[in-house]
Amino acid sequence: MKKKIIFGILAFIIGIGISLFSYSFFREQIQNIFLWSTSNRIRFTGKNFYLFGSNFYYLSIGISFLVLTLENLNQRLTGVFKNGIICLLTFGISLIGISAIYANIKVIECTACDDGIRSLNWNGINYGLIIGTSAIISIIPSLIKTIRTKKASVQQCV
């Protein structure tokens with residue numbers, strides 16, 4: 001039990017550390033997805049300046065890393081790789097999907113755009129919400145597996 005608590009706290013801290021260093025990378029990728037998914041019908045304006053992401057972003061990445069670590073604590077190496085790959089693929093797919101939908105909504109809601117090109121401020125995108133939601137979606141398979149394991153162990157005790 002102490003082992004799980006210590007690993008859980010360390011995983012959460014490492015997840016928040018990873019989120020601190022990866023925020024600018026994800027911002028750039030979301031901007032690229034916005035351009036790609038709308039066939040360059042979005043033009044970014046203003047200064048690309050930011051200090052920190054949202055609290056939701058940091059907490060969701062930390063919690064996602066925590067759940068993934070606790071799920072893989074007693075797994076073999078192949079199981080850890082399998083769960084990690086599933087988590088990363090789910091994260092990437094949901095990040096692309098959410099960003100593409102959000103970008104196309106931004107273009108659709110613009111009624112007075114020049115030649116159908118939407119001018120959008122660099123900070124007009126809620127990056128933290130997009131990344132955080134993708135992180136939460138990516139741990140759903142691990143959560144389902146954890147719930148099934150707990151339910152099976154409770155049924156064996158009865």
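**Exercise 1: two helix pairs**

Helix 1 passes helix 2 in a right-handed crossing. Keep in mind that this is a predicted model.

*Task.* Work out how helix 1 and helix 2 are oriented to each other, then do likewise for helix 3 and helix 4.

*Solution.* 
- Step 1: start with what to look for. Two packed helices are described by the angle between their axes and the distance between the axes.
- Step 2: helix 2 covers residues 55-71, and its axis sits 7 Å from that of helix 1, at an angle of about 135°.
- Step 3: angles over 145 degrees count as roughly antiparallel and 65 to 115 as roughly perpendicular, with oblique for the rest. Helix 1 and helix 2 are therefore oblique to each other.
- Step 4: now take helix 3 (residues 77-108) and helix 4 (residues 127-138), whose axes come within 8 Å and cross at roughly 140°. Helix 3 and helix 4 are therefore oblique as well.
- Step 5: for handedness, the crossing of helix 3 and helix 4 is right-handed.

**Exercise 2: a residue in helix 4**

*Task.* Is Thr133 buried, partly exposed or exposed, and how many Å lie between Thr133 and Val67, C-alpha to C-alpha?

*Solution.* 
- Step 1: find Thr133 in helix 4.
- Step 2: its relative accessible area is 26%. Buried needs under 20% and exposed over 50%, so Thr133 lands in the partly exposed class.
- Step 3: Thr133 and Val67 are 66 residues apart along the sequence, while their C-alpha atoms are 15 Å apart in space.

**Exercise 3: the greasy spot**

*Task.* Which residues form the nonpolar patch on the surface, and which helix gives the most to it?

*Solution.* 
- Step 1: the patch consists of Ile6, Leu10, Ile14, Ile18 and Phe65, which together have about 430 Å² of accessible area.
- Step 2: helix 1, running over residues 2-37, gives the most, with four residues.

**Exercise 4: follow the charges**

*Task.* How many salt bridges are there, and which residues do they join into one network?

*Solution.* 
- Step 1: the cut-off is a side-chain nitrogen of Lys or Arg within 4 Å of a carboxyl oxygen of Asp or Glu. By that rule, the count is two.
- Step 2: one is between Lys106 and Glu109, at 3.9 Å from N to O.
- Step 3: another pairs Glu109 with Arg118, at 3.4 Å from N to O.
- Step 4: shared partners in these salt bridges link Lys106, Glu109 and Arg118 into one network.
- Step 5: check the cover. Lys106 is buried at 13% relative accessible area, and Arg118 is buried at 16%, whereas Glu109 is partly exposed at 44%.

Definitions and conventions:
Residues are numbered from 1 along each chain as its sequence is written. This is a predicted model: local features need pLDDT of at least 70, side-chain atom pairs count only at pLDDT 80 or more; totals for chains, interfaces and linings use all residues. Side-chain values use heavy atoms; hydrogens and water are left out. Patches are made of residues with over 30% relative accessible area and no salt bridge: like charges are joined within 9 Å, nonpolar side chains (Val, Leu, Ile, Met, Phe, Trp, Tyr) within 5 Å. Accessible areas come from the Shrake-Rupley method with a 1.4 Å probe; for residues, only the protein chains shown count as cover. Axes are lines fitted to C-alpha atoms, for helices over the stretch in contact, and angles run from 0 to 180 degrees between N-to-C directions. Angles under 35 degrees count as roughly parallel, over 145 as roughly antiparallel, 65 to 115 as roughly perpendicular and the rest as oblique. A crossing is left-handed if the near helix is turned anticlockwise from the far one by less than a right angle, and right-handed if clockwise. Buried means under 20% relative accessible area, exposed over 50%, partly exposed in between (1.4 Å probe, protein chains only).
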